[in-house]
2 protein chains.
Amino acid sequence: MTTGATTDERRARAVLSRAIEPGDEHAGRWLRHYGPTDFVTHLLRTPDGMDARASHSSGTPGGEPLPGSGDLGGDPFPGTGGKRVASWRLRATAADPDRDLDTVHRLGGRFVVPGDTEWPRQLDDLGDTRPIGLWVRGPADLRTWALRSVALVGARACTPYGAHTAADLATGLARHGWVVVSGAAYGIDGAAHRGALAAGGATVAVLACGVDTPYPRGHDQLIRRIAEQGLVVGELPPDSHPTPSRFILRNRVIAALTRGTVVIEAQHRSGSLVTARAAARLGRHTMGVPGPVTSTLSAGVHELLRGEATLVTDADEIVELIGDMGQLAPTRRGPVLPRDLLAPAAKQVLEAVPAPGPTPTTVIARRAGTTPDDTLARLYELHSLGFVERRGEGWQLTNTATPGSNARRGGT
Amino acid sequence: MTTGATTDERRARAVLSRAIEPGDEHAGRWLRHYGPTDFVTHLLRTPDGMDARASHSSGTPGGEPLPGSGDLGGDPFPGTGGKRVASWRLRATAADPDRDLDTVHRLGGRFVVPGDTEWPRQLDDLGDTRPIGLWVRGPADLRTWALRSVALVGARACTPYGAHTAADLATGLARHGWVVVSGAAYGIDGAAHRGALAAGGATVAVLACGVDTPYPRGHDQLIRRIAEQGLVVGELPPDSHPTPSRFILRNRVIAALTRGTVVIEAQHRSGSLVTARAAARLGRHTMGVPGPVTSTLSAGVHELLRGEATLVTDADEIVELIGDMGQLAPTRRGPVLPRDLLAPAAKQVLEAVPAPGPTPTTVIARRAGTTPDDTLARLYELHSLGFVERRGEGWQLTNTATPGSNARRGGT
């Protein structure tokens, strides 16, 4: 299902995914220096087993000679604190990558790593804090979905106004064919996911825990539904629990994955503001939804709007802002891939989209002989690739995809 | 009471104030060309009475020779439509400047014109649409008050949220020693004036009608109260009624008079947006108070905030923005006038401000032997001039005004 990285690389990254906390920049530098398999080899060799062969690493990542590095002998991680390395070693030694990969496979998931065709390359903008890999559940292709995605984030303890607005924006974005990304938390996140699902749209939940152990528990059903109709994604290996720092670091993935981040209700110093500012630093669009000045739950958003963020009041304004995607916006110029290079499942759905007028997902699913959830996953991929577009509740071929290629298809 | 312009000039401007609609750019050009007395002379001479002496005016204002102006003979207004000039003539002929000046004097008011010490020179930014003069009621000095003023404007049919916010901002601005300017309309305007009055603050109502014939009627009491504790101002001579175009043109005076304009609730295409955009064009600060995106009464403000305006949520943020007034902000650097040059009434109030701690207006009034309203007018003038500052509900000498000069006063 995942193609690109070698099996060894994927296994090594699965070990590292368990050994290293999200966003660890030190580990990121060594990963860049050694590559995943050598990094793991060095970690699994006990300090006692160090030998002269490790001398090729006597320098800091990046090639600067380390002051006094001659004294470090065969230490493969010079300049990185021994306690930190010891913790990596301990967790790497205990890791069982095959079991983790198997756990996620049995849930219909996969471990997507850099080099895979499904790897969302915009995550590379995170530099040395780029995720080691992403554990993914759901029928869609993460890379293509992320190309047309926008993050809706906000307070857990939101007001009815905030929940209403989040659901409303998500529905509007889904109707425009945009993928709604959020963190599956209570409050704004949940309302955003539900709004997208209710509109028969695409949504991605980025978790701060294992994708097999959804958090919060009260969103069990919701997260399961997202794994069926959308994607559930996380950096942490199976059975990992969220911690405050994992929540904060999860936000950088949401920011980097999407074209822009919209904050709907946030108090001063809230995690949603962290996401928004990360988005701004990464050159993504940062947007905020205003509210009454009498509401402390809008105070953080207003703070943002007085700085880097753009005020938005509906889905049209969001799409107007993030829609200008340069070469990431293939729709305007027609398909970016020849039809023959499409995956068979996507081709099958594309051939089930009738030429005239918009057609509901369920009708296309029936014609394609597959499930509505799978059809929806393919339709959003085809949308990102410029073959189809969403019109209200239905889907139709894009203008450029219609003539010729459509006629040549030879009947339904 | 008003000093600067000659009696002839003031009478001439009183005639023009009746003859010409606010914001008439054609008239403004001729006024600049002839000056007020000659302009009136030319208007009052019947077309039949034209003679060769008028030949000095055979050109457009600004000096460009008019194409074919040789044919126009003695027309004193070449290039301006005859119908327009006829209307000016008709109304100038019917004008009774002495009666108008007398009407306003009997209300304790005056007609402030360019050249007067009370003329707010920032109105000159309006160029040829500068008011011909301003009819003013109230105890304060318009020029000094306007130096530290901010406009709060918004919808007539506002929501309780809008009214609450307007009153709240006005109270906060009053507490900071800022003068609240608005249009005395129902809704936001009224709430803003009331908020300032309730905080014992300074407020200016700019009317689109005569200052003797307040509009709307339902704000009779409010406008009378403003004329006692603040200032009521208008371009139109006594007994003039408002019209839609007069409302729109009144807005440019509000925008030009103040350091910045804050819009609190406005629908798309509302008059408040006209004021805000006029403020932006004049280089004044343009601000907007956000509200729920579900409220059509906030939609116009949000439109503004997506463009030229800065989002503000409380009085502190407004003051922070407009407080940096360059040479118009004398407070930071102490008094701009030697104490000896103050008007006797202002000096009397200044001497009644005790050295230690803030003192309520009523106490200062008692010590100065004058009314609280008059004291407040003087205190805001002294504030603009840098002698005193407002602290909470009271007033105190500025740091720079205290030492020496205070000791030299020789006891209370």
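Let me start with one residue: Ala227(A) counts as buried, because it has 23 C-beta neighbours inside 10 Å, where buried requires 20 or more other C-beta atoms within 10 Å of a residue's own, exposed means 12 or fewer, partly exposed lies in between, and C-beta atoms are placed from the backbone. Residues are numbered from 1 along each chain as its sequence is written, and chains are lettered from A and ligands numbered from 1 in the order in which they are written.

Ala227(A) sits in helix 9 (residues 220-229) of chain A; helices here are DSSP runs of H or I with at least four residues, strands are runs of E with at least two, and both are numbered from the N terminus. Leaving aside neighbours within four places in sequence, Ala227(A) is in contact with Arg137(A), Gly138(A) and Val232(A), contact being defined as C-beta atoms, placed from the backbone, that lie within 7 Å. Over in chain B, Ala368(B) belongs to helix 15 (residues 361-368), and it is buried, with 21 other C-beta atoms within 10 Å. Not counting residues up to four places away in sequence, Ala368(B) touches Gln348(B), Val349(B), Ala352(B) and Thr375(B).

Now to the packing of helices. In chain A, helix 3 (residues 36-44) and helix 4 (residues 82-94) pack with their axes 9 Å apart and at an angle of about 100 degrees, the axes being lines fitted to C-alpha atoms over the stretch in contact and the angles running from 0 to 180 degrees between N-to-C directions. These two helices of chain A are therefore roughly perpendicular to each other, a label used for 65 to 115 degrees, with under 35 counted as roughly parallel, over 145 as roughly antiparallel and the rest as oblique. Helix 3 of chain A contributes Val40(A), Leu43(A) and Leu44(A) to the contact, and helix 4 of chain A contributes Trp88(A), Arg89(A), Ala92(A) and Thr93(A).

Helix 13 (residues 315-322) of chain A has as its buried residues Ala315(A), Glu317(A), Ile318(A), Val319(A) and Ile322(A), and these pack against strand 3 (149-154), helix 7, strand 7 (260-264) and strand 8 (285-289) of chain A.

How do the two chains meet? The contact takes 14 residues from chain A and 14 residues from chain B. On the chain A side, helix 7 (160-175), helix 12 (296-305) and strand 9 (310-311) each supply at least two residues. Since 100% of the interface residues of chain A are also interface residues in chain B, the copies meet through the same surface. A rotation of 180 degrees with 0.0 Å of shift along its axis superposes chain A on chain B, with an RMSD of 0.0 Å, using least squares on the C-alpha atoms of residues with pLDDT of at least 70 in both. The two copies are thus related as by a two-fold rotation axis, and in chain A the C-alpha nearest that axis is that of Gly291(A), 2.3 Å from it.

Finally, a word on confidence. The predictor gives the complex an ipTM of 0.76 and a pTM of 0.79. For chain A the mean pLDDT is 86, and 86% of its residues reach 70 or more, pLDDT being the predictor's confidence in each residue, from 0 to 100. However, pLDDT stays under 50 over residues 62-72 of chain A, and also over residues 402-412 of chain A. Where pLDDT is low, the predicted coordinates should not be read in detail.

Conventions: This is a predicted model: local features need pLDDT of at least 70, side-chain atom pairs count only at pLDDT 80 or more; totals for chains, interfaces and linings use all residues. Two residues are in contact if their C-beta atoms, placed from the backbone, lie within 7 Å.
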